[in-house]
Amino acid sequence: MMWAIETNNLVFIDESGTNLNMARTYARSKKGTRAHGCNPHNKGKNLTIIAAITITGVIAALSFFGSNNAVTFLFYVTEVLVPQLNDTMVVVIDNLNLHCSDEVKTAIEHTGAKLIFLPTYSPDL
């Protein structure tokens with residue numbers, strides 16, 4: 001089934017994570033002197049950021065400590081993303097297992113928005 005998609009109605013969702021205790025691997029110092037620094041010895045906290053972006057900017061973002069899972073992603077969709085959606089929008093998301101749950105699909109499509117999953121990654125693309 002094909003439908004007309006306007007670029008200003010596209011919503012892309014993705015997540016990213018980082019460890020707050022990461023150390024720099026390069027530094028600057030005066031010529032002829034060594035740059036000194038310290039590396040963390042114990043693990044820091046992981047920070048995950050999930051955001052939805054349109055051509056006009058970010059419309060829904062959530063950051064939290066820890067890693068993403070099906071429960072946190074469903075919370076993001078139902079509590080942060082859904083209030084920003086309307087029936088003219090098309091949500092594009094990768095096909096990670098936790099994104100593909102029936103609850104996520106139902107929550108997004110209940111707003112009238114369309115949901116499109118990206119195809120599986122292929123190095124040939």
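Strands here are DSSP runs of E, at least two residues long, numbered from the N terminus. With that in hand, take Ile-53: it sits in strand 2, residues 46–54. Keep in mind that this is a predicted model.

First, the overall fold. The protein chain has five strands and two helices. Along the sequence, they run β-β-β-α-β-α-β. Of the 125 residues, 25% are buried. Take the contacts with a separation of 6 or more: 62% of them join residues 24 or more positions apart. The accessible surface is about 9300 Å², and carbon and sulfur atoms own 55% of that.

Now the inside. The largest nonpolar core counts 22 residues. Among those with the most contacts inside it are Ile-13, Phe-73, Tyr-76 and Leu-81. Strands 1, 2, 3 and 4 each supply at least two residues of this core, and so do helices 1 and 2. Helix 1, residues 70–81, gives the most, five residues.

Look at Leu-81. Setting aside neighbours within four places in sequence, Leu-81 touches Ile-13, Ala-52, Ala-60, Tyr-76 and Ile-108.

Phe-12, Ile-53 and Val-58 make a nonpolar surface patch of about 280 Å².

One last item, from the record. An unreviewed UniProt entry lists residues 47–66 as "transmembrane region". In the model, that span is 85% strand and 0% helix. Its end C-alpha atoms lie 6 Å apart.

Notes: Residues numbered from 1 in each chain as written. Predicted model: local features only at pLDDT ≥ 70, side-chain atom pairs only at ≥ 80, totals over all residues. Heavy atoms only, no water. Patch = residues over 30% accessible without salt bridge, like charges linked within 9 Å, V, L, I, M, F, W, Y side chains within 5 Å. Areas by Shrake-Rupley, 256 points an atom, 1.4 Å probe, with all protein chains shown as cover. Salt bridge = Lys/Arg side-chain N within 4 Å of Asp/Glu carboxyl O. Helix = DSSP H or I, 4+ residues; strand = E, 2+ residues; numbered from the N terminus. UniProt positions renumbered as here; feature names shortened; annotations may be inferred. Core = buried A, V, L, I, M, F, W, Y, C linked by side-chain atoms within 4.5 Å. Buried < 20%, exposed > 50% of the residue type's maximum accessible area, 1.4 Å probe, protein only. Contact = heavy atoms within 4.5 Å.
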